[in-house]
Amino acid sequence: VGTDPLGADVTASDPLLIEALTAAMTIDKQVAVTGDLTFVDSLQWAEPADLTFEITVTNTGDTNMNDVVVNDPLIPGCFADQDVYPALQFMAPGASFTYQCSITNQFDDLVNTADVNGEPWMSGGPIGAPRQVDTDDASVELLEPLVDLFKYVLGDDADNPPGVLVAIGSTVEWTFEVQNNGEATLTQIS
């Protein structure tokens, strides 16, 4: 506020626009049986298997992310940082990075969680916000197959000695019964 030489009041303003930035990251972890590579969040399988995990890290905020790190305590081969994948050194807003890692001969149920963290960053350096963190898991349930086979001779159980006695020259009818007493669906039974 001021006065011009003629005595009139003079005012001026200079608006300041402040834009709030949002730093955010997400991780998506999925699993597939190696060789099949149909990735899902949760998998049921009927035998020990080699598994492949697919991990996608995305910068969902509107700041850059620097020094992005993926940790996976159960499967060390799924760890990733800028030394393993240089693309994780710097991720612009909207950028995604996907990679795969695997384990062999998994024979137990597994719930595997990975986390991602990154440092919010602008062109001049870190913006002072905390490292952004997200987690996701992929699970595998190994189903136990169990097949029971029963044999009958002329309708009688033939498992116990001496078995079913059949007169010489008689016609014998054999019957086999297969029961699925396990957790897995059975196919191609012969």
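Strand S12 (residues 147-153) runs antiparallel to S14, and the two are joined over 7 bridges. Strands here are DSSP runs of E with at least two residues, helices are runs of H or I with at least four residues, and both are numbered from the N terminus. Two strands count as paired if DSSP finds at least two bridges between them. The model is a predicted one, in which local features need pLDDT of at least 70 and side-chain atom pairs count only at pLDDT 80 or more, while totals for chains, interfaces and linings use all residues. Residues are numbered from 1 along each chain as its sequence is written, and side-chain values use heavy atoms, with hydrogens and water left out.

**The sheet around S12**
- S12 belongs to an open sheet of 3 strands with the order S13-S12-S14 and antiparallel pairing.
- Strand S13 (156-157) and strand S14 (174-180) are the edge strands, each pairing on one side only.
- Aspartate 148 has glutamine 179 of S14 opposite.
- Strands of a sheet pair through backbone hydrogen bonds, either parallel or antiparallel.

**The chain as a whole**
- The chain holds 14 strands and 0 helices.
- With a radius of gyration of 33 Å, well over the 16 Å that the globule rule gives for 190 residues, the chain is more spread out than a compact globule. This radius is taken over C-alpha atoms, and the rule is 2.2 Å times the number of residues to the power 0.38.
- The C-alpha trace spans about 135 × 35 × 20 Å along its principal axes.
- Of the 190 residues, 29% are buried; buried means under 20% relative accessible area, exposed over 50%, and partly exposed in between, with a 1.4 Å probe and protein chains only.
- Among contacts with a separation of 6 or more, 65% join residues 24 or more positions apart, where contact means heavy atoms within 4.5 Å.
- The accessible surface is about 12100 Å², and carbon and sulfur atoms account for 52% of it; areas come from the Shrake-Rupley method with a 1.4 Å probe, and for residues only the protein chains shown count as cover.

**Aromatic rings**
- The whole structure contains 3 aromatic pairs. Rings of Phe, Tyr and Trp (its six-membered ring) pair if their centres lie within 6.5 Å; planes under 30 degrees apart are stacked, over 60 edge-to-face, and the rest tilted.
- Tyrosine 85 and phenylalanine 97 make a tilted pair, 5.1 Å centre to centre with 55° between the planes.
- Tyrosine 85 lies in the loop between strand S6 (64-71) and strand S7 (90-91), and phenylalanine 97 lies in strand S8 (residues 96-106), 12 residues apart.
- Tyrosine 85 is partly exposed at 25% relative accessible area, whereas phenylalanine 97 is buried at 17%.
- Tyrosine 85 also pairs with tyrosine 99, with ring centres 4.9 Å apart and planes at 40°, so this pair is tilted.
- Tyrosine 99 is in strand S8, 14 residues from tyrosine 85, and is buried at 5% relative accessibility.
- Tyr85, Phe97 and Tyr99 form one aromatic cluster.

**A charge over a ring**
- The charged end of lysine 29 sits over the phenylalanine 53 ring, 4.6 Å from its centre. The criterion is NZ of Lys or CZ of Arg within 6 Å of the ring centre and within 35 degrees of the ring normal.

**Positive phi**
- Leucine 37 has a positive phi near 55°; leucine 37 lies in the loop between strand S3 (25-33) and strand S4 (42-45) and is partly exposed at 42% relative accessibility.
- Leucine 154 has a positive phi of about 55°; leucine 154 lies in the loop between S12 and S13 and is partly exposed at 41%.
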